[in-house]
Amino acid sequence: MNNPMGSFPDLNALVTASIAGIAGLSGSYLVAGTSSGFVVVPVNAFLVDVMPAPVVTFSILVLGQLGERVGFVLALGIVLVLLGGATALALRLAETRLASSVYAALFGWGFSTVLTAAPLASLGTAVPIGIAVGILEAVERPTSIEGSRRHLLKSLGGVFAVSGVSYVIGSRLHSDSTSNRDVVESIPDLDVDDAETIRQQIRARLAEAESKSLDIDELPGLVNGIDEFYEVDINLFDPDVNAEDWRLSVSGTVANEFTLTYDELITMAPEHRFVTLRCVSDPVNGDLMDTALWTGVPARAVIDRADPRGDHVLLRGRDGYYVEFPLDAFESGFLTYGMNGRVLPRNHGFPVRALVPGRWGEVNAKWLTEIEFHDSAVLGYWERKGWNGTGPVHTVAKLWTVNHLADGQVQVAGHAYAGTRSIQAVEVSVDGGETWNDAVLSEPLDDEDVWRQWAYKWTPSRSRHTVVVRAIDGNGTLQPRRRQNPHPSGATGWVSKTISI
Ligand SMILES: Nc1nc2c(c(=O)[nH]1)N[C@H]1C(S)=C(S)[C@@H](COP(=O)(O)O)O[C@H]1N2
Ligand SMILES: [Mo]
């Protein structure tokens, strides 16, 4: 690797190392997709782990998607440096071209295996590195600055083309295998009649929600589509759990510890419930509140079998998430594997998630793998980070929609939710809170933890109206007026909007 121009060997090595790094990354994605075998995934998880709590909170709750992207680019950069570094080391140690290529592949494989604990998938990282180094070492070395620039551009062009192809093939190969599958089809050993009965139940419930939805322009219905449903979780890459390997372990202060398989769970008689979820970080008029029809079995099935002695339960997900709350809340809980008649999608917790009525979103553990019973309270993931979001949701009426009707009237509408307390009424003021009027409500769904829609219209008497909305829960308690930020225990206050006519 001698070169008459002193700095060239280093520059060449740098180019080779970078290109090899990109090739390794692409190969890893091609083979592993976004499963834990992809080298970037453990690095990202590590970053989330070591970042101080306020940074994680800010990133997930304020930056949202952007935060995930920043984290992703950071993890990507770290992996590139690691793989490039391994390649540079290989180039330094090796004496022949073949040896460079073999060493680089071996080092890349080593790194990838240490990170992912997936030796086989790590071949996806190693082989492209070996090939990239082999090719780059075989081509003639440029001897001028101009030549070296051309060399760099060509190599980059080549590796980006290969990465592009890997990305496209990788995305196809690893697209969410659970998505959009009929949940009934996933239940084993169902005879045709039983399958049809379950399908009918789901269809009837979805039709019920459709017919009970207020028919108002621009107002979302009573059920959100799977792709419209909000998503909040602690990792960039959702765990990729295989239903056959999935086990639910039930342990702790119980008379009987046991584990449950997916087949055991989904062959129990299914129920279908409309449940609304709302994240504790949702602002009063935010959009982290949605509803779906969930298919699953009552948590009672596992609680009775375990026969717990304590008063607390802790749920753990495959992503390292955990949340704790009182056992009596879990007694009316639900273990679900279906959403709107489809198999539970990966981003909402495939194969099984918990749903616990009336509490903030964070208690509804996704990718559920462990149920632990405790005899005293412990802190969950978010509670350790200073949140207080495992309790009952606050009452809220959201104002989603403003329509200027053809007859000159103005119509406002939205959703109202109070968890298991249910919604009794929604009141609307169009004069900034001086006088109040009853809104029209959608007919209630026959479920214990679901929202209702509200709507109100009036003939404007001024050029501007300040509209204020407030809900009254099933106990007759008015939505609290005092404004409070989402952190640490959920937003309060009345939604108010000034409307120009
Ligand atoms: N395993 C796991 N479960 C989880 C979370 C998570 O990060 N990991 N996030 C929780 C939070 S904060 C909320 S608001 C809900 C969101 O559920 P969704 O993404 O299906 O809307 O999931 C909860 N369950
Ligand atoms: Mo949440």
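This is a predicted model: local features need pLDDT of at least 70, side-chain atom pairs count only at pLDDT 80 or more; totals for chains, interfaces and linings use all residues.
When I call a residue buried, I mean that its relative accessible area is under 20%.

Let me begin with helix α5, which covers residues 97-116, that is 20 residues, and which reaches 28 Å from its first C-alpha to its last, close to the 28 Å expected at 1.5 Å a residue. Several residues of α5 are buried, among them Ala-99, Ala-104, Gly-108 and Thr-116, and the helix is followed by Ala-117, whose phi is positive, near 60 degrees.

Next, the sheet. This is an open sheet of five strands, and if you follow the order you read β2-β1-β10-β5-β6, with mixed pairing. At the edges stand β2, residues 258-261, and β6, residues 322-326, and because each has a single partner strand, one side of each is left without a neighbour in the sheet. On average, neighbouring strands here are turned by 15 degrees against each other, direction ignored. For β2 the pairing is with β1, residues 247-252, in the antiparallel sense and over four bridges; within that pairing, Leu-248 has Leu-260 of β2 as its bridge partner.

Finally, I would like to turn to Arg-452, which lies in strand β17, residues 452-458.

Key
Residues are numbered from 1 along each chain as its sequence is written. Chains are lettered from A and ligands numbered from 1 in the order in which they are written. Side-chain values use heavy atoms; hydrogens and water are left out. Two strands pair if DSSP finds at least two bridges between them. Helices (H or I, at least four residues) and strands (E, at least two) are DSSP runs, numbered from the N terminus. Axes are lines fitted to C-alpha atoms, for helices over the stretch in contact, and angles run from 0 to 180 degrees between N-to-C directions. The expected span of a helix is 1.5 Å times one less than its number of residues. Buried means under 20% relative accessible area, exposed over 50%, partly exposed in between (1.4 Å probe, protein chains only).
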